[in-house]
Amino acid sequence: MTHLPLTRRGFLGSLAAVSATAGLSLPLQAAETFSLGDGQIFALSDGTFDFPAQLWVGASDEEKAKLGEHVTIGANAYVYRRGERVFLIDAGAGNSSFITSRFQSVGRVPAELAMLGIAREDITDVVITHMHPDHVGGVIFDGERTFPNAKIHINAKEWEFWTRNGFATDAPEGMRDMVVSLQETAGMIEDAVVLQNGEADLGGVMMQPAFGHTPGHNVMMIDLGSERLLVLGDTVVSDHIHFENPSVGWALDADPAAAQATRRRLLDMAATDGLIVAANHVTAPGLGHVERAGDAYRFVPLG
Ligand SMILES: [Zn+2]
């Protein structure tokens, strides 16, 4: 029997080749519903991103070989319904010109909600892990508020960092377009924003500071009765490497040392407490458990 070795490198290489020849096609619908503990979680895929492997900073040669040249990562968001409240954890990228001129394979959150039968008007609370455009951009779609009835919960430190007067001109050049776009978005949602300081219990959804990736990055702990779910935001950015080697950095981390310490702390907590994790940048739906593997970890997707 012939065995065709399909290495991860080869597989990702073919994916990149396929997406390059297929043009701008968006991934197929991936929304899924999970009954977890005493609640239900709806996992939405906003699409995928392709990033060059060198953005995973400090990976060994062996780890780089496993990654391949380009890495496709998920872009997930999550909905949790509790009584009258409908929480959306992260809003996806939206379709601002900042996004569409750079990334054509994201912006699916509204379509995914529609496929699940959830009206945008029904979202009561949007909870933002951090204000990078792939997480907050989706609060605006086609130039209008995507979720007209929602409060938008953001950590105060995060909001102040990105909305500071003058930041659009004095930010490092490579960040300027992003800051301009974020400040436009912030201006359009300002009256819906509820700034949260420190730990904030939104009613079954707890915002918890987990700084490092950005100055006010938060993770969300969701109380599902017999289970707890931790939405990791950008604490991990890949299906493997950040679990298997939490010391590997991510080029977009604002404070690499703090990001690494946060990653280790949260992966340790997830493994010790048997939490279900929801990882925004793991292949959709990004739900699973964290197991210890030697002095590192392994992500085990929900079966
Ligand atoms: Zn992200």
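**Exercise 1.** Is aspartate 90 buried or exposed, and how many other C-beta atoms lie within 10 Å? Locate the residue in this predicted model and describe its backbone.

*Solution.* Begin with the location: aspartate 90 is found in the loop between strand E4 (85-89) and helix H3 (97-100). Next, take the backbone, where aspartate 90 has a positive phi of about 70° although it is not a glycine. For context, most residues other than glycine have a negative phi. Finally, apply the cut-off, by which a residue is buried if 20 or more other C-beta atoms lie within 10 Å of its own; aspartate 90 has 29 such atoms within 10 Å and is therefore buried.

**Exercise 2.** Describe the largest nonpolar core, and state which residues leucine 44 touches when residues up to four places away in sequence are not counted.

*Solution.* The largest nonpolar core has 69 residues, and those that touch the most other members are Leu44, Tyr78, Leu88, Ile89, Val126, Val231 and Leu232. Strand E3 (residues 70-82) gives the most to this core, contributing 6 residues. Turning to leucine 44, and leaving out residues up to four places away in sequence, one finds that it touches Ala31, Asn76, Ala77, Tyr78, Val79, Val109, Glu112 and Leu113.

**Exercise 3.** What span should helix H8 (residues 173-189) have at 1.5 Å a residue, and how far apart are its end C-alpha atoms?

*Solution.* The expected span is 1.5 Å times one less than the number of residues, so the 17 residues of H8 should span 24 Å. The end C-alpha atoms of H8 are 25 Å apart, which agrees with that expectation. Among the residues of H8, Val179, Leu182, Thr185 and Ile189 are buried.

**Exercise 4.** Work out the order of the open sheet of 7 strands, and explain why one side of strand E10 (200-201) and of strand E16 (296-301) is left without a neighbour in the sheet.

*Solution.* The order is E10-E11-E12-E13-E14-E15-E16, and the pairing is mixed. E10 and E16 stand at the edges, each with a single partner strand, so one side of each has no neighbour in the sheet.

E14 and E15 run antiparallel and are joined by 3 bridges, with alanine 278 having leucine 287 in E15 as its bridge partner. In the loop between these two strands is proline 285, which is joined to alanine 284 by a cis peptide bond with omega of about 5°.

Strand E15 (residues 287-293) is in turn joined to E16 by 6 bridges, again antiparallel; glutamate 291 stands opposite arginine 298, and alanine 293 stands opposite alanine 296. The hairpin of E15 and E16 has 2 residues between the strands, and there glycine 294 takes a positive phi near 65°.

Notes: Residues numbered from 1 in each chain as written. Predicted model: local features only at pLDDT ≥ 70, side-chain atom pairs only at ≥ 80, totals over all residues. Core = buried A, V, L, I, M, F, W, Y, C linked by C-beta atoms within 7 Å. Buried ≥ 20, exposed ≤ 12 C-beta atoms within 10 Å, placed from the backbone. Helix = DSSP H or I, 4+ residues; strand = E, 2+ residues; numbered from the N terminus. Contact = placed C-beta atoms within 7 Å. Pairing = 2+ DSSP bridges.
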